[in-house]
Amino acid sequence: MLSTLAADTGRPPHPRSATAPWWRDAVIYQVYVRSFLDSTGDGVGDLAGVRAGLPYLRKLGVDGIWLSPFYPSPQHDHGYDVADYQGVDPVYGDLAEFERLVTQAHRLGLKLLIDIVPNHCSAEHRWFREALADGPGSPARSRFHFAPGRGPNGDLPPNNWHAMFGGPAWSRVREPDGRPGEWYLHLFTPEQPDLNWRDPRVGDHFEQVLRFWLDRGVDGFRIDVAAGLFKHPELPDSDDPTADERTRDSVNPLAWNQPEVHEVWRRWRAICEEYTARDGVERLLVGEVSVPTAREHALYVRPDELHQAFFFDLLSAPWDATAFRSVIDEALRDIAGTGSTVTWVLNNHDQVRTVTRYAGGPGGEHVGSARARAAALLMLALPGAAYVYQGEELGLPEVLDLPDDVLTDPIFHRTGSRARIRDGCRVPLPWSGQASPFGFSEGAAGARPWLPQPEWFAEYATDRALADTRSFWHLYREGLQLRRELPQLGEGELRWLEAPPQVLAMARGDGLVCAVNFGSETVPAPVPGAPLLASGPCPPGELPGATAAWWSVDTP
């Protein structure tokens, strides 16, 4: 498969505007490195595999890629437990391979973003090992949240917070003299101690990390848990201590969204602007910002803070025209009002795949597929930027029946429950063939992928998708091509049009109409004639259920 990809150069991406910053309406493809393409045959994707897959992504038509963490890590949360922020885990390659990847991406006209994880590190990070060794009250411990326990013998955690991945948010350490000692805070797992951003050494170190990677040519950073970092300085009890664990979302107001975090993003933005001033190429900061409202979200993308922040409300909206219109309106009013552009997403490595989410349960795969195709066209028609998770362009459903003994998600191991686990959307991609590893692993026939691929993955293999002009892949490619060619798409005006119930119809600038039928019955199309592009069969003058379409219309 690697040689096939290397020979397939495709069409180079090109910006629609020579003056607007590239990120404002970019479409970025999220590469979950571990599951993208394995160049060594060990069953784990790697940076060389990403490099081999770049021609495929250029042919698809995206503007750039975002890489999941590839740093040295014990992999308790597959790289989101970072042991060294300035290196490459040997399972993924080395710094030389990373630099080759950057060079090849830029040669193909693709931007490259990397994931950075500033809220917490690995328990195997040098800093945390020093904190354990140096004991209570030491400067090493002040980089983290260490505190004495409550109760007569300190046997109870310092407060009642729960971790997002299950269980208490505190673990007790054994001190250098062997006695039970202080507790440390971890809002995810015990293997991921939270950093204390009130210690200035933490912020100084991460600014060095940014420069390390910017000096190696990266075009920006996706910031994990960007509403985190700072906690309430007194670490008080929460009125609803299990909220984060129940929802698997950052809703504890004492642990997230503290006002001090905005100064961090101002400092990071200044570093990006410094590099931009050197060569005129804008560097991007995009945040994973989970906050209750679009108005709070907008505070993170003010002109001197993050360039973008993922708007998750579209992803979480039910399949309903009113719900979609409401979240779109809120985003355009509150987020675009800051001068930024909305950053739309339908899926990522933490979510149930779009086809399955829209299916509504077992037996709904056909409906889920139709809705996912329609949602993709809607997202690509909205003003702003968009991010596409790997495999969405293949229409991959969630793998729901992975055996318990292969599950790796710490949520499962912390809670014993399969609810909200993420392994099913992370199964390695199928590239070719009729049996696992479906072209995912190169160099060792029959290599076993790190998560097992089901037999039915053969139906979704990339080679089959490229050969079928009716596939998800061709829908995405044609949508991305039109998005580049049509001046009405990307940034610009959105105007809602009158439409039947359960239909959203909008005009983009002059001469382009997009409509989505959220219902199940065919309705009259908002404009006559055949569409430029439709997510499914769409006769002239009609808009079938669970279908989206774009039309070009004459203007006076």
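Which residue in strand 6 does Arg172 stand opposite? That would be Trp183. Keep in mind that this is a predicted model.

## The sheet

Arg172 and Trp183 face each other where strand 5 runs alongside strand 6 (residues 180-185), an antiparallel pairing held over four bridges. Zoom out and you get an open sheet of three strands, ordered 4-6-5, with antiparallel pairing. Strand 4 (146-147) and strand 5 (170-174) sit at the edges, each pairing on one side only.

## Helix 12 against helix 15

Next, a helix pair. Helix 12 (residues 365-381) packs on helix 15 (residues 472-485) with axes 10 Å apart and an angle of about 15°. Angles under 35 degrees count as roughly parallel, so that is what helix 12 is to helix 15. The crossing is right-handed.

On the helix 12 side, the contact includes Ser369, Ala372, Arg373 and Leu377, while helix 15 brings in Phe472, Tyr476, Gly479 and Arg483, among others. Sort the residues of this contact by class and you get 10 nonpolar, two polar and two charged.

## Helix 2 against helix 3

Helix 2 (residues 47-60) and helix 3 (residues 95-107) cross at roughly 15°, and their axes come within 9 Å. These two are therefore roughly parallel as well. Here helix 2 passes helix 3 in a left-handed crossing.

Leu47, Ala48, Val50, Arg51 and Leu54 make the contact from helix 2; from helix 3 come Glu97, Phe98, Arg100, Leu101, Gln104 and Ala105.

Methods: Residues numbered from 1 in each chain as written. Predicted model: local features only at pLDDT ≥ 70, side-chain atom pairs only at ≥ 80, totals over all residues. Heavy atoms only, no water. Pairing = 2+ DSSP bridges. Axes fitted to C-alpha atoms, helices over the stretch in contact; angles between N-to-C directions. Parallel < 35°, antiparallel > 145°, perpendicular 65-115°, else oblique. Left-handed = near helix turned anticlockwise from the far one by under 90°. Contact = heavy atoms within 4.5 Å. Nonpolar A, V, L, I, M, F, W, Y, C, P; charged D, E, K, R; others polar.
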